[in-house]
Amino acid sequence: MRRLPFSPWHFLLMPLALLFVLPLVQMLLTSFMSNAEINQFPPKLIPTALHLEGWRALLSETNAPRWLLNSILVSAVSVLAHLVLCSTAGYGFARLKFAGRGVAFMVVVATVMIPIQLLMIPTYLMFARIGIVDTLAAAFVPWLASAFGIFLMRQFFLSLPAELEEAALIDGCGRWRTFRSIVLPLARPAMATLAVFTLLSSWNDLLWPLIAISDDSRFTLQVGLATFQGTRHTEWSQLMAGNVLATMPLILAFLLAQRRFIATMTFSGLKG
Amino acid sequence: MAALTFAVARPVPARPRPKARRHLTGWAFVGPATLIVVGLSLFPAVWAFFISRAKWNGITAGVPVGWGNYQQLAQDPDMLAAARHTLLLTVFFVPLSIGLGIVVAIALNQRIRLIGFYRTCIFVPYVASAAATGILASFVFNPQFGAANDVLRHLGIPQQQFLESPSQALYVIVLIALWGEVGFTTVIYLAALQDIPKELVEAATMDGAGRWRVFRHVTLPELRPVTVFAAVWQTITAVQLFDLIYTTTRGGPLNSTQTVVYYIYELAFQTQRLGYGAAAAYLLFVVTLLLTLVIVWYSRRRGSEVF
């Protein structure tokens with residue numbers, strides 16, 4: 001490969017890249033420091049010795065392992081539900097003709113205009129009525145399906161040529177089987193985008209579980225950490241260990257599937 | 001048409017489907033997701049309006065007060081302060097996130113060494129949750145031992161209180177929000193830059209335009225639709241900012257970072273004033289809706305259709 005000449009852009013990009021990534025590196029390294037070491041000024045980036053007190057305290061004194069499990073469950077249910085519900089709905093809106101289709105789709109799209117603060121109070125009340133306050137359901141019900149997901153899948157199905165499905169339908173394949181065995185396998189890229197979007201939203205969500213869950217053992221990681229920070233805000237090594245637990249799964253996923261994540265960000269930007 | 005001729009040509013015609021069945025199939029596909037989306041947004045949004053016209057703590061029966069909550073809000077000093085904080089936050093966050101997004105996207109669009117490394121570094125904070133970002137930021141900006149004060153010390157600038165200072169906290173929150181969100185604006189600008197036809201830039205260069213003039217008269221106009229979108233989107237993000245405030249200052253110190261959304265949260269879930277909180281939420285909704293319409297209207301007048 002030809003060596004590219006040195007570019008002045010490095011003077012902008014190198015400091016910027018460090019500014020964005022160093023806090024995360026510091027978070028990781030601080031989780032391996034002792035609190036005495038953390039409370040020194042000037043601060044150190046590299047721990048002098050490997051201290052596991054923060055991690056040990058986090059895993060034994062708090063419910064963090066439980067929170068991690070809860071977060072995984074909430075995200076798994078959200079992603080699965082999103083994939084099933086939004087792909088079927090997206091297909092229905094793109095291809096099937098039925099009474100009320102236009103109106104229903106308009107209503108779904110219009111709901112993106114409704115801001116979260118308007119929903120906080122009635123959603124809490126609704127959760128209370130159906131009895132899911134203080135259960136994990138309060139954390140995943142808001143992420144079962146979304147207007148964004150339906151829209152994304154509909155756009156994708158509209159872009160597919162219809163001939164394939166028509167051939168299958170003529171061969172006596174029902175709508176459902178055509179969808180399952182012909183259309184869905186083609187939809188992998190869109191489904192991956194949808195999965196990344198849902199994973200990011202549900203894993204990082206703080207507000208819904210915060211207002212609806214007060215039982216410590218039902219917390220997700222985000223709520224657990226936010227609450228823990230409120231009560232013991234000086235236990236930095238523990239807090240940073242918790243932060244690592246809350247961010248590293250997604251950061252690792254991002255590093256492994258960077259293209260997919262960036263495609264998701266681009267789509268939610270240009271079409272969302 | 002092709003389908004019809006085929007069907008006729010076949011010895012066994014496909015089973016005729018009655019109309020009702022077709023509608024039923026359609027709704028079977030879209031029904032569940034539509035029901036969930038509408039049930040979790042439109043339905044509660046309408047309900048919130050009825051709640052906003054009552055004095056209600058969520059337990060005892062509500063007392064209808066008509067527009068009383070709204071009238072009271074207009075004179076509520078806490079609401080006015082919260083509105084001011086939300087406005088300040090938006091006014092700083094939106095242009096900065098757009099400006100930085102453009103600059104970083106242009107830098108990342110260069111074909112230079114390490115570009116993959118730079119991209120990864122700059123996008124990675126976007127996947128970190130706002131809650132974790134807030135906790136990390138309160139560590140970095142800790143006045144006693146935080147890295148931010150260490151940087152200032154190296155630059156010979158006096159030590160600051162950051163999130164613990166009522167006059168600085170809101171601006172520090174803007175910085176933290178930028179750290180988490182610039183990755184997003186950068187990504188959409190990067191995609192837009194790569195969509196600009198190369199011929200356009202080449203033609204301008206051939207006509208003798210310098211780099212700056214190409215940027216000013218070719219690149220920027222091509223980016224305008226994205227900018228309108230980003231302005232609307234980032235305004236919504238700034239107005240709805242909650243997680244970061246919750247995990248850094250919780251509205252403090254001295255209420256200096258209490259935004260409208262945070263105030264609504266406190267009204268509803270700390271002081272149980274559900275009707276009053278719902279009214280504040282509706283007020284904010286109407287204001288942001290008008291703001292969005294103004295941005296869209298203004299951009300249409302300037303001749304860039306995106307919505």
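What share of the contacts in chain A between residues at least 6 apart in sequence join residues at least 24 apart? In this predicted model, the share is 77%. Chain A contains 15 helices and zero strands, and its C-alpha trace spans about 75 × 65 × 30 Å along the principal axes. Of the 272 residues in chain A, 46% are buried.

**Interface between the chains**

Contacts between the two chains involve 82 residues of chain A and 79 residues of chain B. Helix α1 (residues 9-30) of chain A supplies twelve residues, the largest share of the side of chain A that touches chain B. By class, that side of chain A has 58 nonpolar, 20 polar and four charged residues.

**Annotated region of chain B**

An unreviewed UniProt entry carries the annotation "domain: ABC transmembrane type-1", which covers residues 83-295 of chain B. Over residues 83-295, chain B is 74% helix and 0% strand, with the end C-alpha atoms 19 Å apart.

**Backbone geometry**

| Cis peptide bond | Omega | Loop holding the proline |
|---|---|---|
| F41(A) and P42(A) | about 0° | between α2 (35-38) and α3 (53-61) of chain A |
| G252(B) and P253(B) | about -15° | between α12 (243-248) and α13 (260-269) of chain B |

D134(A), which is not a glycine, has a positive phi of about 65° and is found in the loop between α6 (116-129) and α7 (137-140) of chain A. D134(A) is partly exposed because 15 other C-beta atoms lie within 10 Å. F162(B), also not a glycine, has a positive phi of about 50°; F162(B) is in the loop between α8 (147-154) and α9 (169-195) of chain B. F162(B) counts as buried because it has 24 C-beta neighbours inside 10 Å, where the cut-off is 20 or more.

Terms used. Residues are numbered from 1 along each chain as its sequence is written. Chains are lettered from A and ligands numbered from 1 in the order in which they are written. This is a predicted model: local features need pLDDT of at least 70, side-chain atom pairs count only at pLDDT 80 or more; totals for chains, interfaces and linings use all residues. Helices (H or I, at least four residues) and strands (E, at least two) are DSSP runs, numbered from the N terminus. A residue is buried if 20 or more other C-beta atoms lie within 10 Å of its own, exposed if 12 or fewer, and partly exposed in between; C-beta atoms are placed from the backbone. Two residues are in contact if their C-beta atoms, placed from the backbone, lie within 7 Å. Ala, Val, Leu, Ile, Met, Phe, Trp, Tyr, Cys and Pro count as nonpolar, Asp, Glu, Lys and Arg as charged, and the others, Gly among them, as polar. UniProt positions are given in the numbering used here, feature names are shortened, and annotations may be inferred rather than shown by experiment.
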